[in-house]
Amino acid sequence: MNIMNDGFDTKPIEMVPMWQVAFLAPDEDVDRIFDAVAEIAPLEYGATDRNGYRLPGGIEYYRPTDEAPTGADEPRQRPGVNQMRFFIPRDTDLLNGVIEAIYDVHSYYEPPITVTEILRSQTKGLDDSKNPHRWWNKDGDWKKD
């Protein structure tokens, strides 16, 4: 058995083989790109969809060469470049659609996209409604009286 291909089970959790797709983009572009991806893939996770995780801005370092659309230039730094990542089933047609959606709306001519084989947790739906550690059993301003 190869757990990266087959996944595995624990009592409350199933570890499911998936792909983690990540892209880098300037802060102002991330939502537009993520919206395009969500039209191709539902990005489901449990009882929710449109799931992703955005890592806040860092600084991208690069130097355009003669082959770049702008031509060769000095080394540059672009602040505010975020990483967005999400999970999709290991379906090559879906992956192709997601990659093309990112490319179509990305502001870069060569968007930095990575795909990694991972195992993602998926609950088996055990009744833990009284678990004091669950967010719905804690105080918060989201609770209604």
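Student: Where is Y53 found?
Tutor: Y53 is in strand β3, and strands here are DSSP runs of E with at least two residues, helices being H or I runs of at least four, numbered from the N terminus. This is a predicted model, where local features need pLDDT of at least 70, side-chain atom pairs count only at pLDDT 80 or more, and totals for chains, interfaces and linings use all residues. Residues are numbered from 1 along each chain as its sequence is written, and side-chain values use heavy atoms, with hydrogens and water left out.

Student: Is Y53 buried, partly exposed or exposed?
Tutor: Y53 counts as partly exposed, at 46% relative accessibility. Buried means under 20% relative accessible area, exposed means over 50%, and partly exposed is in between, with a 1.4 Å probe and protein chains only.

Student: And what is Y53 in contact with, leaving aside its neighbours within four places in sequence?
Tutor: Q83, M84 and R85. Contact here means heavy atoms within 4.5 Å.

Student: Switching to rings, how many aromatic pairs does a search of the whole structure find?
Tutor: The search gives 2. One of them is Y45 with F87: the ring centres are 6.3 Å apart and the planes sit at 85°, so the pair is edge-to-face. The cut-offs are centres within 6.5 Å for rings of Phe, Tyr and Trp (its six-membered ring), with planes under 30 degrees apart stacked, over 60 edge-to-face and the rest tilted.

Student: Which parts does that pair tie together?
Tutor: Y45 lies in the loop between α2 (27–40) and β3 (53–62), while F87 is in strand β4 (residues 76–88), so the pair links parts that are 42 residues apart in sequence. Y45 is partly exposed at 29% relative accessible area, and F87 is partly exposed too, at 24%.

Student: What sits over the ring of Y45?
Tutor: The charged end of R120 does, 3.9 Å from the ring centre. That label requires NZ of Lys or CZ of Arg within 6 Å of the ring centre and within 35 degrees of the ring normal.

Student: OK, helices. How do the axes of α2 and α3 cross?
Tutor: The axes of α2 and helix α3 (residues 92–105) come within 9 Å and cross at roughly 150°. That makes α2 roughly antiparallel to α3. Axes are lines fitted to C-alpha atoms, for helices over the stretch in contact, and angles run from 0 to 180 degrees between N-to-C directions. Under 35 degrees is roughly parallel, over 145 roughly antiparallel, 65 to 115 roughly perpendicular, and the rest oblique.

Student: Which residues make the contact?
Tutor: From α2, R32, I33, A36, V37 and I40; from α3, L94, G97, V98, A101, I102 and V105.

Student: Which residues are buried in α2?
Tutor: D29, V30, I33, F34, A36, V37 and A38 are buried. The buried residues of α2 pack against β2 (13–26), β3, β4 and α3. An α-helix has 3.6 residues a turn, so residues three or four places apart point the same way.

Student: New spot: where is I118, and what is it in contact with?
Tutor: I118 is in strand β5 (residues 113–123), and it is buried at 14% relative accessible area. Leaving aside neighbours within four places in sequence, I118 is in contact with M4, V16, P17, M18, W19, Q20, F87 and R90.

Student: And Q20, buried or exposed?
Tutor: Q20 counts as buried, at 19% relative accessibility, and its place is in strand β2. Not counting residues up to four places away in sequence, Q20 touches R85, F86, F87, T114, V115, T116 and I118.
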